[in-house]
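Hi everyone, thanks for making time this morning. Have the sequence and the model open, and I'll walk you through a few places in the fold.

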Amino acid sequence: MASGIYDARTLGKGRMTVLGLQHLFAMFGATVLVPVITGLSVSATLLFAGLGTLIFHVCTKFKVPAFLGSSFAFLGGYSAVTQMGMNQGLTLAQALPYACVGIFCAGLMYFVLAGLFKIFGATRVMKFFPPIVTGPIIIAIGLCLSGSAIQNCSSNWWIALLAVAIIVVCNIWGKKMIKIVPILMGVLGSYIVAACFGLVDWTPVKEAAWVGLPFKMEDTAFAVFKNPNWSLILAAIIAILPISLATMVEHIGDMCAISSTTGVNYLADPGLHRTLLGDGLATSLASLFGAPANTTYGENTGVLNITKVFDPRVIRIAAVFAIILSFCPKFAAMIAVMPAATIGGVSLVLYGMISAVGIRNLVENKVDLTSSRNLLIAALILVLAIGIKYGAGDAISIGFTSLSGLAVAALAGIILNAILPGNDYQFGKNLRGDEAVNFGGDHTANQK
């Protein structure tokens with residue numbers, strides 16, 4: 001296999017297409033899992049993963065070989081907002097567009113951070129988002145979601161445990177591409193076994209058309225404004241906006257990892273302000289049309305490391321394939337009939353991995369938890385997020401709106417970090433620590 005960003009241009013159309021399909025395969029399992037868990041449209045998710053990736057490439061001058069797929073970090077936000085909506089008498093389908101409004105605003109936060117990076121530089125801005133804040137928030141995201149994973153597993157523990165076992169085997173003993181896509185392997189393996197035992201209802205697949213539009217207007221954020229519940233809109237924004245703190249740090253970590261993998265400093269050229277702008281624009285656009293927030297995918301960075309082909313055009317081929325698949329409702333129906341136990345088993349690992357990434361963020365940045373300052377910040381973030389989630393029914397009422405546990409925890413962490421003395425974090429000093437914030441899984445494939 002040819003190696004390097006320039007050698008990829010000599011591969012020819014056939015090999016470039018195969019490499020593009022490989023990137024599609026790498027992102028697929030994790031990307032479609034988010035709409036399956038949340039209730040969003042699988043077709044819209046694929047469409048805006050593809051479009052979002054192309055938008056990102058335009059914003060970054062077609063230089064960065066990154067694929068944008070569904071973000072796991074916002075799952076807690078979706079859960080909190082939909083629960084608040086259902087507590088007010090809405091159905092899940094009616095409540096989801098309110099969460100999409102919150103995601104739209106979270107995407108706009110990327111614009112703000114991009115502007116700050118451009119004006120003040122990364123080192124000065126990241127002083128406000130040290131690992132002692134982002135690490136515990138990431139830990140809390142995974143723990144707050146753990147209950148739903150157990151509920152789904154309870155529908156059939158044998159299928160759930162099979163999914164877990166396949167993920168573990170692929171992640172520990174898998175080679176090359178298999179090691180990159182353990183979630184997809186877990187989904188496929190447990191899904192096939194469940195189908196063999198008659199645990200899958202194929203009726204929706206038989207009834208689905210082969211060709212159709214990827215989304216319906218009633219499922220988009222625009223549907224909220226036909227008869228808006230302004231208090232719920234505000235609550236959704238407040239609940240989800242602070243989570244963008246963690247996802248923006250994840251984005252920066254992924255840019256560090258891609259730069260390390262390719263040997264090209266994308267933080268300098270095209271610059272973090274451009275990559276953040278592309279990610280934020282893709283996320284805001286996707287949320288408007290009922291698709292999940294986007295994020296740069298570590299799985300695809302792992303593929304870059306395996307193939308040594310860094311040409312961004314290969315990623316754009318994968319994006320086009322994702323867009324084409326989005327117009328096939330029958331394909332989306334096959335994803336939608338996935339057994340709850342399969343979702344539960346995969347989620348059990350995934351949510352645990354999210355929390356573990358938070359721990360890794362603390363460890364690899366050598367955060368001193370013997371410091372009273374740091375211990376206090378971490379303690380309050382964790383107890384507020386988890387306590388409100390399980391002790392106050394997902395959110396607490398403040399005035400005329402509600403705040404999710406994650407929102408309260410993030411705000412508390414940011415404020416405490418800003419006012420308490422002793423913040424000595426310096427972004428860029430520890431590359432390994434900067435990379436240790438990928439919610440999607442294994443970074444070992446990215447390390448040289």
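**A buried helix to start**

Let's begin at helix H16 (residues 329–336), where Lys330, Ala332, Ala333 and Ile335 are buried. Buried here means under 20% relative accessible area, exposed means over 50%, and partly exposed is in between, with a 1.4 Å probe and protein chains only. The cover over the buried residues of H16 includes helix H1 (13–38), helix H2 (42–59) and helix H10 (203–207). Helices (H or I, at least four residues) and strands (E, at least two) are DSSP runs numbered from the N terminus.

A quick word on the ground rules. This is a predicted model, in which local features need pLDDT of at least 70 and side-chain atom pairs count only at pLDDT 80 or more, while totals for chains, interfaces and linings use all residues. Residues are numbered from 1 along each chain as its sequence is written, and side-chain values use heavy atoms, with hydrogens and water left out.

**The whole protein**

Stepping back, the protein has 20 helices and four strands. Its C-alpha trace spans about 55 × 55 × 40 Å along the principal axes. How does the radius of gyration agree with that of a compact globule? For 448 residues such a globule would come out near 22 Å, and the protein has 21 Å, so the two agree. That radius is taken over C-alpha atoms, and the globule rule is 2.2 Å times the number of residues to the power 0.38.

Buried residues make up 57% of the 448. Of the contacts (heavy atoms within 4.5 Å) between residues at least 6 apart in sequence, 84% join residues at least 24 apart.

Now the cores. A nonpolar core is a set of buried Ala, Val, Leu, Ile, Met, Phe, Trp, Tyr and Cys residues joined through side-chain atoms within 4.5 Å. The largest one has 126 residues, and those touching the most other members are Met27, Phe72, Phe74, Val81, Phe117, Met126 and Ile137. A second, separate core has six residues, including Ala44, Phe48, Ala286 and Ala291.

Thr134 sits in helix H6 (residues 131–153), and it counts as buried because its relative accessibility is 1%. Which residues does Thr134 contact, once neighbours within four places in sequence are set aside? They are Phe129, Leu245, Val249 and Asn361.

Gly85, in helix H3 (residues 75–87), has a relative accessible area of 0%, so Gly85 is buried too. Leaving out neighbours within four places in sequence, Gly85 contacts Leu90, Ala95 and Leu232.

**Backbone points to check**

Most residues other than glycine have a negative phi, and most peptide bonds are trans. With that in mind, please look at the cis peptide bond between Asp269 and Pro270, where omega is about 15°. Pro270 belongs to helix H13 (residues 267–288).

Then there are two positive phi values in residues other than glycine. Phe62 has phi near 60° and lies in the loop between H2 and strand E1 (68–70). Is Phe62 buried, exposed or partly exposed? Its relative accessibility is 44%, so Phe62 counts as partly exposed.

Lys366 has phi near 55°, in the loop between helix H17 (340–364) and helix H18 (372–391). Because its relative accessibility is 69%, Lys366 counts as exposed.

That's my tour, so over to you for questions.
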